[in-house]
Amino acid sequence: MKLNWEIDKDRALTGASMQNESEHNIHHSTIVGASEQDIQLAIDASVEKACDLLDNNIQDDSRYLLFGWNSEASILTIVVTDDDKRHDSRDVVQCHFVSGDQQPDPEDIQFWIKDYLTTCAPFLRYSLIAAFHLGSRASCTLL
């Protein structure tokens, strides 16, 4: 699935530390009324987009490829961050899922991300740890 990505510049990124003063390039896309298969393909496309940006996002202190799921807004946010999860990379990927009454299941999202990363060559080139969180960066699950 090919997603249409738009880029916005923003200083305030949800979940990032207030110390993180750098401007972010938010690569965002929206999926409307998708089936479960379409949601999986959109997740794959989002992970692919984030992995395509890794060359520009890796810093000396980069540790995690962090996947955050906001259940209330149905937004998947993908960012490279440091050990403390306070200093995010310049490029951030966000995909918003607008699917009416039924929200995507976070366990399915986590499974699809993990499944995609097992064969993602750009991700495997780096020593990043893939992690997933719901809401708070303080409690992450390793993928």
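**Stop one: the strands**

Select β4 and β5: they pair in the antiparallel sense over four bridges. Strands here are DSSP E runs of at least two residues, helices are H or I runs of at least four, and both are numbered from the N terminus; two strands count as paired if DSSP finds at least two bridges between them. Click on Leu76 and look across to β5, where its bridge partner is Cys95.

Before going further, some housekeeping. This is a predicted model, with local features needing pLDDT of at least 70 and side-chain atom pairs counted only at pLDDT 80 or more, while totals for chains, interfaces and linings use all residues. Residues are numbered from 1 along each chain as its sequence is written, and side-chain values use heavy atoms, with hydrogens and water left out.

Ser62 has Asp82 in β4 as its bridge partner. Together β3 and β4 form a hairpin with four residues between them.

How enclosed is β4? Seven of its eight residues are buried, so β4 is largely enclosed by the rest of the structure. Buried means under 20% relative accessible area, exposed over 50% and partly exposed in between, using a 1.4 Å probe and protein chains only.

Pick Ser74, in the loop between β3 and β4. Its phi is positive, about 55°, although Ser74 is not a glycine. Ser74 is also buried, at a relative accessible area of 1%.

Then hop to Lys85, in the loop between β4 and β5. Lys85 isn't a glycine either, yet has a positive phi of about 60°. Buried or exposed? Lys85 is buried, with a relative accessible area of 16%.

**Stop three: the cores**

Show side chains for Ile43, Leu65, Phe67, Leu76, Phe97, Ile113 and Leu117: these have the most contacts inside the largest nonpolar core, which has 30 residues. A nonpolar core is a set of buried Ala, Val, Leu, Ile, Met, Phe, Trp, Tyr and Cys residues joined through side-chain atoms within 4.5 Å. Elements giving two or more residues to this core include α1 (36–52), β3 (62–70) and α3 (106–117). Color α1 separately, as the largest share, seven residues, comes from there.

Zoom in on Leu65. Leaving out residues up to four places away in sequence, Leu65 touches several residues, among them Cys51, Ile78, Leu117, Phe123 and Ile129; contact means heavy atoms within 4.5 Å.
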